Amino acid sequence: MAERTGIGLRLPHIAEVVATRPPVGWLEIHPENFLANPHAIELLTDLARDYPISVHTVGISIGSADGIDLAHLRRLRDLVDRLDPILVSGHLAWSSIGGTYLNDLLPLPYTADTLRLVAGQLKRVQDSLGRAYVIENPSTYLSLATSTMSELDFLHALVDATGCGLLCDVSNIYLSGHNMGYDPYRVIDEFPAAAVKELHLGGFTSEDDDATPGATVLIDTHAHQVADPAWALYAHAIGRFGAQPTIVEWDADLPALEVLVGEAAKADAVRTQAREERHAYAR
Amino acid sequence: MPTLAEIQTGIRDALVLGDRSAVMPLLLGGLHPEHRLAIHQRHYAASLTRALVERFPATVWLVGSDLVTHAARTFVRDHPPEKPCIAEYGEEFPRYLGAQAGTEALPYLAQFAAIDWHLGRLALATDDSPRVHVIHLDWSLDELMTIFLTENTPEQFALRREEVWLEMYGLRGELRMTRLSDEAASRASGQTQREISCVPS
Ligand SMILES: [Fe+2]
């Protein structure tokens with residue numbers, strides 16, 4: 001498994017990554033950006049010889065009430081078969097209903113019914129792919145009044161029901177805690193640590209919160225460098241989960257590739273320091 | 001208690017149509033959760049509008065980004081995506097754009113945008129994917145597209161009304177357009193519908 005931090009590979013960077021082979025541990029792609037782009041798949045297949053690849057879907061919609069889009073699942077399976085990635089993952093969210101794809105990761109009500117649905121659809125996805133499908137905690141601005149459990153309780157219940165792995169997006173935990181009014185450190189402390197297979201870091205944007213005058217809301221834009229409080233939470237997460245493989249995500253207002261590579265190097269440095277501090281405590 | 005399908009349909013109606021009535025009582029977030037829902041509504045409209053405008057660069061060059069952006073904003077409401085690959089979203093946009101009020105003086109706009117659509121797909125082609133598309137035109141739009149692609153703007157350009165069967169070829173970013181002879185065109189018109197595109201004038 002990748003020792004060094006990896007980066008989210010976006011199409012505007014791919015030619016430079018092919019040409020310069022930057023010093024990052026691994027590459028994570030959104031298959032939805034590649035499936036319609038045979039040339040990019042060709043370049044990625046070449047990169048897969050030198051880098052471990054992770055396939056992180058934004059289109060599977062594991063929480064859709066009307067089922068998984070089987071045509072999309074088949075396309076995903078073909079790409080996964082071609083790339084043989086080290087991880088395949090997607091979000092605890094939904095994106096499509098009634099044949100409409102909403103291009104967003106939308107909140108689910110956390111109930112026993114939703115748990116049954118997500119567990120069943122997760123099994124279907126894993127059976128089709130023939131490999132594990134790791135679930136990421138979402139970024140949250142809204143919750144459903146019909147929820148009967150917290151996101152954290154739901155993740156525990158999902159792991160208990162399915163044995164699935166989790167992708168812990170540390171920035172999402174910071175952002176959701178800020179937006180929904182809970183302590184992100186407590187979430188890291190109580191997260192199902194044994195299920196964690198990967199960590200994410202990404203930049204967010206702070207705006208005035210029209211929903212609560214005088215407050216701010218954090219938007220998961222992936223359009224900035226990782227913010228200081230998210231780095232601090234990441235160090236705490238390493239203390240709890242150990243040195244898990246990490247990806248830095250950047251999706252909008254893409255910077256020069258070297259800036260993104262610098263963020264990955266920073267994650268390596270934060271992780272090394274957090275491990276040393278952890279070992280110092282242990283002595 | 002509403003079912004998950006009802007909740008999701010309510011959120012879809014809010015995002016696509018701006019109708020929040022069904023879902024608003026179910027949402028929590030800040031003191032006024034409708035503003036949190038607005039974050040998702042803005043993302044839906046802005047991300048898809050931007051994707052469409054970026055998908056039709058030659059069309060933006062021809063008629064300006066205001067017209068294309070305006071049409072894209074209503075298109076994402078009238079024709080939401082059905083599939084998760086947004087690069088494949090917008091095949092119906094040329095026809096929709098050409099039917100917009102204010103484009104009556106540009107009867108060739110839909111066909112020009114259709115060439116734009118096909119070239120965008122073909123630019124991503126490899127040896128393993130379809131590399132040739134054929135389109136039927138009622139104007140000499142291939143000449144206009146060549147001006148865009150070569151950035152070689154003549155002093156004057158006159159669009160002629162003429163029947164053209166245009167074969168477009170792409171491979172790893174290389175693009176080529178060739179007019180088909182009558183004989184080749186009649187063969188082309190017998191090919192599968194998938195590779196032939198006829199946009200009504
Ligand atoms: Fe993430």
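Tutor: A:Glu249 is buried, at 2% relative accessibility, where buried means under 20% relative accessible area, exposed over 50% and partly exposed in between, with a 1.4 Å probe and protein chains only. A:Glu136 is buried too, and its relative accessible area is 2%. This is a predicted model, in which local features need pLDDT of at least 70, side-chain atom pairs count only at pLDDT 80 or more, and totals for chains, interfaces and linings use all residues. Residues are numbered from 1 along each chain as written, chains are lettered from A and ligands numbered from 1 in the order written, and side-chain values use heavy atoms, without hydrogens or water.

Both glutamates coordinate the iron ion through OE, together with A:Asp169 (OD) and A:His200 (ND1), at 2.1 to 2.4 Å. Donors here are N, O and S atoms within 2.8 Å of the metal (3.2 Å for Na, K and Ca); water is not among the atoms, so sites may look incomplete. Along the chain, the donors have the spacing E-x32-D-x30-H-x48-E. A:Glu136 belongs to strand E7 (residues 134-136) of chain A and A:Glu249 to strand E13 (residues 246-249) of chain A, so the pair ties together parts 113 residues apart in sequence. Strands are DSSP runs of E, at least two residues, numbered from the N terminus.

The angles among the 4 donor atoms run from 83 to 176°, and the site is irregular.

Terms used:
Tetrahedral: all angles 85-135°; square planar, octahedral: opposite > 155°, others 65-115°. Helix = DSSP H or I, 4+ residues; strand = E, 2+ residues; numbered from the N terminus.
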